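Here are a few notes to read with the structure open beside you.

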Amino acid sequence: MDRYICIHGHFYQPPRENPWLEAIELQDSAYPYHDWNERISHECYSRNAAARILGGDKKIVDIVNNYSKISFNFGPTLLSWMETHDTQAYQAILEADRLSQKNFSGHGAAIAQVYNHMIMPLANAQDKRTQIIWGIKDFEYRFKRRPEGMWLAETAVDLESLDIMAEHGIKFTVLAPHQAKRVKKFSDKKWIDVSGQKIDPKRPYLCRLPSGRSISLFFYDGPISQAVAFERLLKDGAFFAKRLVDAFDPKLKDAQMIHIATDGETYGHHHKFADMALAYCLRHIESNELATVTIYGEYLEKFPPNEEVEILENTSWSCSHGVERWRSDCGCKIGINPKWNQKWRKPLRQSLDWLSEQANKTYEKEMPLYAKDIWAVRDCYIDVVLNRNTETIERFFKENHLSQVPEANKIKFLKLLEMQRNSMLMYTSCGWFFDEISGIEPTQILKYAARVIQLIEFIDGTNFDQKFSEQLKKAKSNVPEYKDGEYIYRTAVKPSAVGLLRVGAHYAVSSLFEEYPQENRIYCYTVRTETYRKQEKDRLKLSIGKGWVRSDITLDKTPVFFVGMHLGNHNIIRGVDQMKEGTYEQAEKEILEAFVAKRIPETTRLIERYFGPQNYSIQDLFRNEQQKILNEVLKTTMEEIEGSFRQIYDKHYPLMQVQKELHVTLPKALSTVVEFVLNRDLCDEIEKHPLDMKQIRLLIWELKRWSFSRDKETICFATEKRIDHLMGALRENPEDVILMETVAALLENLDYLGFSLDLWRAQNICFELKKQFFNERKAKSEQGDSRCQRWVAAFGLLADFLRVGIGEK
């Protein structure tokens with residue numbers, strides 16, 4: 001069969017980490033998830049690693065790893081996050097690449113990506129090279145092989161970038177059809193104009209480069225890719241398959257490949273259940289022998305180019321004006337508000353270009369003291385970024401002949417490289433892609449810029465903060481309250497900045513609510529206490545101590561003396577300093593004596609005397625800890641509210657019962673109490689061990705009996721969490737029939753509330769158990785084995801509630 005189909009998914013999220021903490025802080029807009037990475041990973045990346053194929057009865061008949069059957073790339077910074085925060089999906093992606101090599105003649109489905117999604121035609125030559133090298137090295141670190149292909153951010157292309165890719169062994173990339181200029185057969189001299197999307201996308205092309213190198217280019221099918229991303233093509237997997245197959249040219253005798261490329265998030269995040277449509281589409285094509293499913297590397301080996309292509313440089317797949325979307329008000333936008341403009345893009349780009357120039361001047365002046373080839377050492381720094389630990393850093397020092405230099409020189413060396421890393425991160429494409437400068441993406445790249453400014457000041461004492469913020473005034477926001485880039489930088493960016501003393505201050509307060517070991521990691525910092533005292537009086541808490549704080553990124557280290565006092569509610573006093581030895585001992589003695597004696601005004605004055613005015617609120621803590629500590633602070637308040645509600649409920653329940661029987665509407669005050677108590681009781685019962693099914697049924701009956709709203713979100717969350725836990729226990733002990741029956745009973749009872757539960761993880765486990773045990777147990781049950789008969793009956797009931805088919809696949 002000479003008809004081939006390839007589906008490519010570009011899976012990517014911009015780096016979202018606070019550059020001072022190397023961690024993503026709470027993002028309220030992603031609620032109920034912690035952040036957008038977590039939300040999209042749940043909705044898309046995990047789903048495609050275990051995509052459902054349904055039978056005629058709408059039950060799951062198979063679960064497949066989509067990644068093993070498609071071409072894909074994952075952004076390196078996204079995979080870095082997944083490696084720690086969604087390990088299961090991360091490992092499934094790596095496994096898919098290994099499986100794909102068996103499916104596709106030894107070629108892996110994964111291809112690399114330029115490191116942090118920088119728009120390559122707008123980058124300088126050094127950044128282009130580092131982006132490509134870092135993307136390749138990140139790929140090798142994770143997939144344990146060389147990449148054949150590389151994805152360009154937004155498919156933004158120029159010849160210099162292609163040449164560097166080819167220099168480093170990249171065989172191909174994928175572009176949009178409108179990025180081709182002209183083509184010719186190898187044997188011809190005459191070029192044919194194919195601009196305006198007239199190129200035939202069913203074959204690969206060879207692009208000859210200025211250096212004499214060459215690279216193969218695939219131009220994806222534009223109309224079908226557009227339909228997948230923005231139309232309703234993914235509503236049905238068979239319809240999706242038909243659209244792909246119908247694109248073949250029946251008159252063409254040579255091999256042809258229909259291939260599409262879209263954002264990977266299309267399959268599950270942008271379009272719910274599209275991961276299932278993709279899985280069914282691939283299954284339908286293969287099972288009906290409509291075409292051969294392939295990937296770019298395999299097709300290129302089988303059918304190398306016989307035509308040459310020239311590209312339209314400085315073009316991309318998401319801007320009809322080339323690459324103007326990332327430097328001007330070209331008109332390309334999402335369209336959130338038709339009255340908004342994007343004039344802010346140009347001054348934002350100009351401000352970052354100016355800052356990048358200052359950073360490079362600092363680098364070119366300082367780095368020659370430590371390295372002969374200053375850009376080569378930056379290219380190698382990815383080895384440290386990928387695996388930050390003492391051994392890796394020491395090896396990096398040794399490779400650069402810095403093992404024996406003073407510690408201060410090593411710290412400066414690392415700060416120079418971190419300055420360069422953040423200087424590249426601030427060019428992440430999403431900073432310009434959307435419509436408004438106050439959005440989380442432009443704010444994020446400004447945080448990287450602020451980190452660059454901080455590091456320059458650490459390195460040579462120059463402070464560019466004022467000059468940079470002045471330039472940002474030209475970037476006007478569409479939202480009056482956010483004014484301009486300077487206001488956003490001052491109010492949304494600068495408060496995120498962290499120094500070693502702030503880490504010490506954070507430790508002083510957070511240690512009031514959490515027990516820490518003597519040496520503890522706080523994000524990318526290590527805090528070690530030499531002396532630590534904690535006292536509690538009634539509802540008041542105080543901590544005081546001394547030690548040191550070290551950055552695990554730059555190895556910068558400072559001694560700290562700290563104090564924290566919680567006065568109840570959100571009132572916090574904290575102090576941190578680098579006071580001289582001897583002073584601390586006196587401060588500790590006096591502050592503790594005053595606090596233990598409950599002389600709180602005196603304690604406050606002593607803290608101010610030794611540490612200066614240090615009145616802070618919870619808002620000054622790191623974002624993630626704010627919520628944790630606020631929950632702790634509110635715990636007592638919520639217990640008091642719950643106690644009051646229960647007293648009202650118990651006292652007035654007979655009266656409310658009479659009103660209910662007489663069909664008299666309850667006063668809002670009383671209905672609120674009933675809602676709260678019953679919803680809370682049901683959640684508590686669901687979380688109890690062991691489950692009391694009788695009580696759960698009673699509470700569900702009560703909830704249905706009253707005509708008020710149920711706390712759907714909280715009940716669903718508690719139920720899903722408990723079912724996942726119970727199914728995890730069942731996976732560990734599949735013989736436990738009682739546990740199986742318990743989960744089925746819980747699902748049956750909750751079904752009466754009519755909630756749509758997310759049972760994805762539970763279904764995965766159920767399907768896994770079905771494959772491992774069901775047929776064997778069924779055969780034994782049919783032979784009269786009573787234990788297996790009970791097991792099969794219980795599993796059948798559980799599978800039915802989880803919508804997992806138990807017939808033959």
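Predicted model: local features only at pLDDT ≥ 70, side-chain atom pairs only at ≥ 80, totals over all residues.

1. You'll find L555 in the loop that runs between β17 (540-551) and β18 (557-566). Have a look at the backbone there too: phi of L555 is near 70°, which is a positive value in a residue that isn't glycine.

2. Q197 is worth a look alongside that. Here phi is near 65°, again positive in a residue other than glycine. Q197 also sits in a loop, the one between β9 (192-193) and β10 (205-208). With 45% relative accessibility, though, Q197 counts as partly exposed.

3. Next, two cis peptide bonds. Y31 and P32 are joined by one of them, with omega at about 10°, and P32 belongs to the loop between β1 (3-11) and α1 (36-49). The other goes from H689 to P690, where omega is near 0°. P690 is in the loop that links α23 (668-687) and α24 (693-705).

4. Now for some helix packing. Helix α14 (residues 407-425) and helix α16 (residues 440-460) have axes that come within 8 Å and cross at roughly 155°. That makes the two helices roughly antiparallel, since angles over 145 degrees count that way. The crossing of α14 past α16 is left-handed. On the α14 side the contact is made by K412, K415, L416, E418, M419, N422, S423 and L425, and on the α16 side by I445, Y448, R451, V452, L455, I456, F458 and I459. Sorted by class, this contact has 10 nonpolar, two polar and four charged residues.

5. By class, the contact of α16 with α18 comes to seven nonpolar, one polar and one charged residues.

6. Which residues does D465 touch, leaving out those up to four places away in sequence? They are I453, Y489 and K494. D465 itself is in helix α17 (residues 465-472). Side chain to side chain, D465 makes a polar contact with Y489 at 2.6 Å. With a relative accessible area of 16%, D465 is buried.

7. Finally, go to A718 in helix α25 (residues 712-732). Its relative accessible area is 5%, so A718 is buried. Setting aside neighbours within four places in sequence, A718 is in contact with C683, I686 and E687.

Definitions and conventions
Residues numbered from 1 in each chain as written. Heavy atoms only, no water. Axes fitted to C-alpha atoms, helices over the stretch in contact; angles between N-to-C directions. Helix = DSSP H or I, 4+ residues; strand = E, 2+ residues; numbered from the N terminus. Parallel < 35°, antiparallel > 145°, perpendicular 65-115°, else oblique. Left-handed = near helix turned anticlockwise from the far one by under 90°. Contact = heavy atoms within 4.5 Å. Nonpolar A, V, L, I, M, F, W, Y, C, P; charged D, E, K, R; others polar. Buried < 20%, exposed > 50% of the residue type's maximum accessible area, 1.4 Å probe, protein only. Polar contact = N/O pair within 3.5 Å; in protein donor to acceptor, adjacent residues only side chain to side chain.
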